[in-house]
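This briefing is meant to be read beside the sequence and the 3D view. Please keep both open while going through the points.

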2 protein chains.
Amino acid sequence: MQLVTADLAVSLDGVAAGRDQSREYPFGAHVRGRITQPWMLEHPEENRAEIDAIVDAGAFIMGRNMFGADRGEWDLDWQGWWGPEPPYHGPVFVLAHRPRPDLVMEGGTTFHFVTDGPEAALERAREAAGERNVSIAGGPGTTNAYLAMNLIDELRLHVVPITLGEGIRVFDGVPDLTLVPVSSRTTPAVTHLTWRRPVD
Amino acid sequence: MQLVTADLAVSLDGVAAGRDQSREYPFGAHVRGRITQPWMLEHPEENRAEIDAIVDAGAFIMGRNMFGADRGEWDLDWQGWWGPEPPYHGPVFVLAHRPRPDLVMEGGTTFHFVTDGPEAALERAREAAGERNVSIAGGPGTTNAYLAMNLIDELRLHVVPITLGEGIRVFDGVPDLTLVPVSSRTTPAVTHLTWRRPVD
């Protein structure tokens, strides 16, 4: 059965990104790589299953800030943070206010820029994913929007054992959610936690 | 080796208590029993090890609001939320601004009211606990104060799968903590997570 999944790396206090994103610092100058680097880059083998699952989907949805740091009019030279071959290898629907032509990358990733809202993006992603899952790829503003609409079937948080104090937190603006605990796994650098949406 | 431990039940968004505590609602009218009841009262057998560990210490420290809902001058008729035989069965040091005589309860619990601050309370609790652990018993304001001083050796969060949106959160005012992940266990009602303070 097709699931809508979402992965976020967060600090102990739930911060998933800073508010001061720039091209130099995709997560902001305060957060930097502190919630991803310790497990994704420094200990990938110990966290292989969870890292691989992040991009194991038939289609992806991300917010504009997950795609780039520019605001307002598109900088058409910007093609995302990931270089010529992004790790998605499938269609990625980017939530945007301004239209932009599809951006075809190497390795099967195509960025589609969707201007008619998160529900329309999800519909397109569900269709594009076929029998595979749809992944809400972040950032936290986008994840929280889908959580608030109760459209995420499986939420996976990767909790890095530091506090950051400020930034955009998972569950901001999501006051009345109820999930079901599914699994947890602790590795030396991170705690992987999974919840599911209750069956209707 | 004696450890300083701390247990808190929290929501997905980290809320451990409301700001509207009253005698009727020890956790506030919004939070009520929603972060404790689903696992401590409704499914105690599935969570037995973690529940038992909460009171497995030689001495305890709690904030005044964990002891009672009155503010200002003591209501000397109030003897805590737990009835004649509290579950601590040992000395409990209550952080307070106003002195109050020791309160001896049945079953070995004695409440001592400490007016010279959290570090002095910890010193007294360490001494009283002998070789056993000292437990920081909450509420979240007290736990956060000890976390901010980096005096907690083992932090155990019990994450109930709901969001609450507002209230006092674990890690509020604790911006630069670094811990080490130790363990995690998921039961149908709650996720039990343990971290340790890094070895100096």
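The notes below go from the whole chain to the pairing of chains, the domains, the core and a few local backbone features.

The model is predicted. Chain A has five helices and 11 strands, and a rotation of 180 degrees superposes chain B on chain A. Contact between the chains involves 26 residues of chain B and 26 residues of chain A.

**Overall build of chain A**

- Along the principal axes, the C-alpha atoms of chain A occupy a box of roughly 40 × 40 × 35 Å.
- The radius of gyration of chain A is 16 Å, which agrees with the value near 16 Å for a compact globule of 200 residues.
- Buried residues make up 45% of the 200 residues of chain A.
- Taking the contacts in chain A between residues at least 6 apart in sequence, 69% join residues at least 24 apart.

**How the two chains pair**

- Chain B superposes on chain A with 0.0 Å of shift along the rotation axis and an RMSD of 0.0 Å, which is the relation of a two-fold axis.
- The C-alpha of chain B nearest the axis belongs to B:S184, at 2.9 Å from it.
- Both copies use the same surface, since 100% of the contact residues of chain B recur in chain A.
- On the chain B side, where 26 residues are in contact with chain A, β10 (180-187) and β11 (190-196) each supply at least two residues.
- The largest share of that side, seven residues, comes from β10(B).
- By class, the side of chain B that touches chain A has 15 nonpolar, eight polar and three charged residues.

**Domains of chain A**

- The domain assignment divides chain A into domain 1 (1-57 + 154-185) and domain 2 (58-72 + 82-131).
- The centres of domain 1 and domain 2 of chain A, taken over C-alpha atoms, are 19 Å apart.
- Seven residues from domain 1 of chain A and 10 residues from domain 2 of chain A take part in the contact between them.
- The domain 1 side of this contact in chain A has three nonpolar, three polar and one charged residues.

**Nonpolar core**

- In soluble globular proteins, nonpolar side chains tend to be buried together.
- The largest nonpolar core has 102 residues, and A:I61 and B:I61 touch the most other members.
- From chain A, domain 1 and domain 2 each give this core at least three residues.
- Beyond its neighbours within four places in sequence, B:I61 is in contact with residues including B:F93, B:L95, B:A121, B:L122, B:V134 and B:I136.
- B:V134 lies in strand β7 (residues 134-136) of chain B and counts as buried because 28 C-beta neighbours lie inside 10 Å, against a cut-off of 20 or more.
- The contacts of B:V134, apart from residues up to four places away in sequence, include B:V4, B:A57, B:I61, B:L122 and B:A129.
- B:I152 sits in the loop between α5 (140-148) and β8 (154-160) of chain B and is buried, with 24 other C-beta atoms within 10 Å.
- Leaving out neighbours within four places in sequence, B:I152 is in contact with B:V4, B:A6, B:I136, B:Y146, B:L147 and B:R197.
- B:I152 and B:W195 are 43 residues apart in sequence, and their C-alpha atoms are 9.9 Å apart.

**Helix α5 of chain A**

- Buried residues in helix α5 (residues 140-148) of chain A are A:P140, A:T142, A:T143, A:N144, A:Y146 and A:L147.
- After α5(A) comes A:N150, with a positive phi near 55 degrees.

**Backbone points to check**

- Most residues other than glycine have a negative phi, and most peptide bonds are trans.
- The peptide bond between A:G138 and A:G139 is cis, with omega about -10 degrees, and A:G139 lies in the loop between β7 (134-136) and α5 of chain A.
- In chain B, the bond from B:G138 to B:G139 is cis, with omega near -5 degrees, and B:G139 is in the loop between β7 and α5.
- A:H89 is not a glycine but has a positive phi of about 50 degrees; A:H89 is found in the loop between α3 (64-67) and β4 (91-95) of chain A.
- With 17 C-beta neighbours inside 10 Å, A:H89 is partly exposed.
- B:R32, also not a glycine, has a positive phi of about 45 degrees and is in the loop between β2 (15-17) and α1 (37-41) of chain B.
- B:R32 counts as partly exposed, with 14 other C-beta atoms within 10 Å.

How values were computed:
Residues numbered from 1 in each chain as written. Chains lettered and ligands numbered in written order. Predicted model: local features only at pLDDT ≥ 70, side-chain atom pairs only at ≥ 80, totals over all residues. Contact = placed C-beta atoms within 7 Å. Helix = DSSP H or I, 4+ residues; strand = E, 2+ residues; numbered from the N terminus. Nonpolar A, V, L, I, M, F, W, Y, C, P; charged D, E, K, R; others polar. Domains from an automatic or database assignment. Buried ≥ 20, exposed ≤ 12 C-beta atoms within 10 Å, placed from the backbone. Rg over C-alpha atoms; globule rule 2.2 N^0.38 Å. Least-squares fit on C-alpha atoms with pLDDT ≥ 70 in both. Core = buried A, V, L, I, M, F, W, Y, C linked by C-beta atoms within 7 Å.
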